[in-house]
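Hi,

Here is the structure I promised to send over.

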Amino acid sequence: MTGVLLALGTLLFRLPAFLNSDAADSDITVVGLQAWHLARGERSLLLWGTDYQGITASLAALVFQTLLPVRPSLALLLSSVFGHVVLVLSLFGVLRRVLPLSLAVLAAACVAVCPEPLNYLTYSAFRIWSFALVFLGLYLAERAAGEFRPRWHMLFAGLAGVAVGLGYYSDLFAMQFLPGLVLYLLWWTWGAARKPRWLALGAVVAGFLVGSIPRLRANMKPPELSELSFAQMKRVWPLFWEQCLPYVTGAKLFSSLDGFHRPEVRPEGFWFVLMALGLGTFLLLALAGGLIALLPIADRTARRLAWCGAGWMGVSLIGFLFTGRAVDVMSARYLVPVLLGFPLMAAPVLDRLVRSGRTAVGVALVLLVVAHFWVAGWRGYGSWVDGPLPHVTRYGSGEDEQALLKELQQRGVEAATGDYWAAYRLTFLWRERLLMPPSFGTERYGPYQQRFATARRKALIFFPAIPVTSFKVPEPWEERFRREGRPYQRVDVGPYTALIID
């Protein structure tokens, strides 16, 4: 029953995203598009247009789109959020090994509700499954640690390795988790009897190799250690300290109004007090848990979990500061292991509070963090919420997009093009009845471009909300067509403008 309630809470927190599922962007909808092509027999081990992401999310989307009688965009989001449910339940199962029910639930709730950088990855369909598989591997390893029957001990150990291997295949972002998992594995194996210890370690490694088969066959290329450079820190530090770290911890809110622009929203009054208390408690529990994990005064399982969480948080911070991958506020997504590692880091201090008869103190502290994360994540939905209530936007309902499709089809348009951030989204919302590859930039699926090249009547689609693009407004293109004497038709539907050419 507790697991069911945690799963329901995880789903309900994403209600604004479900109600606005047609606002899913091009990065997300590529997953849904590939799922359709997999169903038709197309084969690939890589997500379209990448060499660092597998098709786990696309397979999950295929299952949900096949089984659920809902519109494709909602099925796509549900397939992603279900991955987050797996993550939360796995985390709860791990924490239940060392904490009483109330604290295990609340600590898992720190991830069930969360600030926007992690929450965005929850409903963005292409990354959360790699995290879910890592946490599933951690849960299976803990099951193995508590299993006294040799066969089951070995089976759970091997399955843990398979889950982590598949998680790394799903998205090479999971590389950030591997050092922490190695620290955890050393603690885990050292606590076993001598013979099962090495057998279990062998089972984990063998399982990881099995789970890595798709990654190796796809010839995925992880980042090189040579990317790390002290020279990057001077450029990255202001972005890290002033925007991304505050954003990922909920100290600052960058709330989207239109899916693209993210102005800062400053908490005031009661919300500022809650933010200060929640953030302070977050830091207190993480630091205290890390210190206690260094001393033999807490449960051994709690200590090894804390070492794992510390590895995740440390590698994430180092990778952010010393590589050149951080470019804007949305780069805060690279710091989400800081949030995912927090419940593990807090485990030793919560264990000590329980052992000293102060469980209520632990509950109060974690409740502050949960409340802070809930507010940060909820307000991070921006125009999708109106105070405490979810709100359906016109952009999220897809009304204008369907009206645009109707207008283009009536005028005999066979294919369209525009900016990347509109192209794959519209192709997905239109269920490929009219294909729209991007005009330039990231090309995720070549056959779409080939179809556009052979179309007799085409359309250029302009969308003013996209910040920097030549497909923001149509007037420069109209002037060019008039100068060249090229005939065209202009169609305006909601925020969209289409220029139809032969």
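This is a predicted model: local features need pLDDT of at least 70, side-chain atom pairs count only at pLDDT 80 or more; totals for chains, interfaces and linings use all residues.

Residues are numbered from 1 along each chain as its sequence is written, and side-chain values use heavy atoms, with hydrogens and water left out.

**The sheet**

Let's start with an open sheet of four strands, in the order β5-β6-β8-β7 and with mixed pairing. The edges are β5 (415-417) and β7 (489-493); each has a single partner strand, so one side of each is left without a neighbour in the sheet. On average, neighbouring strands here are turned by 25° against each other, direction ignored. (Strands are DSSP runs of E with at least two residues, helices are runs of H or I with at least four, and both are numbered from the N terminus. Two strands pair if DSSP finds at least two bridges between them.)

Helix α22 (residues 475-484) packs on this sheet and touches β6, β7 and β8 (496-501), and its direction makes about 20° with that of β8. For that angle, axes are lines fitted to C-alpha atoms, for helices over the stretch in contact, and angles run from 0 to 180 degrees between N-to-C directions. Contact means heavy atoms within 4.5 Å.

Strand β6 (residues 458-462) pairs with β5 in the parallel sense over three bridges, and Ala415 stands opposite Lys458. With β8, β6 pairs in the antiparallel sense over five bridges; there, Phe462 has Thr497 as its bridge partner.

How much of β6 is covered? Five of its five residues are buried, where buried means under 20% relative accessible area, exposed over 50%, and partly exposed in between (1.4 Å probe, protein chains only). Lys458, Leu460 and Phe462 point one way, while Ala459 and Ile461 point the other way. As a general rule, side chains in a regular strand alternate between the two faces of the sheet.

**Some single residues**

Arg451 is in helix α21 and is partly exposed at 33% relative accessibility. Leaving out residues up to four places away in sequence, Arg451 touches Glu414, Ala415 and Leu435. His372 is 79 residues from Arg451 in sequence and 49 Å away in space, C-alpha to C-alpha.

Two residues have a positive phi without being glycine: Asn219 at about 55° and Glu432 at about 65°. Asn219 is in the loop between α12 (213-217) and α13 (231-249) and is exposed, at 51%. Glu432 sits in the loop between α20 (420-429) and α21 (446-454), but is buried at 15%.

Thr56, in helix α4 (residues 56-67), is buried too, with a relative accessible area of 18%. Beyond its neighbours within four places in sequence, Thr56 is in contact with Trp129, Leu133, Tyr169 and Ser170.

**The surface patch**

Finally, Met1, Val4, Leu5, Leu8, Leu11 and Leu12 form a nonpolar surface patch, with about 620 Å² of accessible area together. Patch members need over 30% relative accessible area and no salt bridge; like charges are joined within 9 Å, nonpolar side chains (Val, Leu, Ile, Met, Phe, Trp, Tyr) within 5 Å. A salt bridge is a side-chain nitrogen of Lys or Arg within 4 Å of a carboxyl oxygen of Asp or Glu. Areas come from the Shrake-Rupley method with a 1.4 Å probe, and for residues only the protein chains shown count as cover. Leu8 lies in helix α1 (residues 2-13) and is partly exposed at 43%.

Cheers
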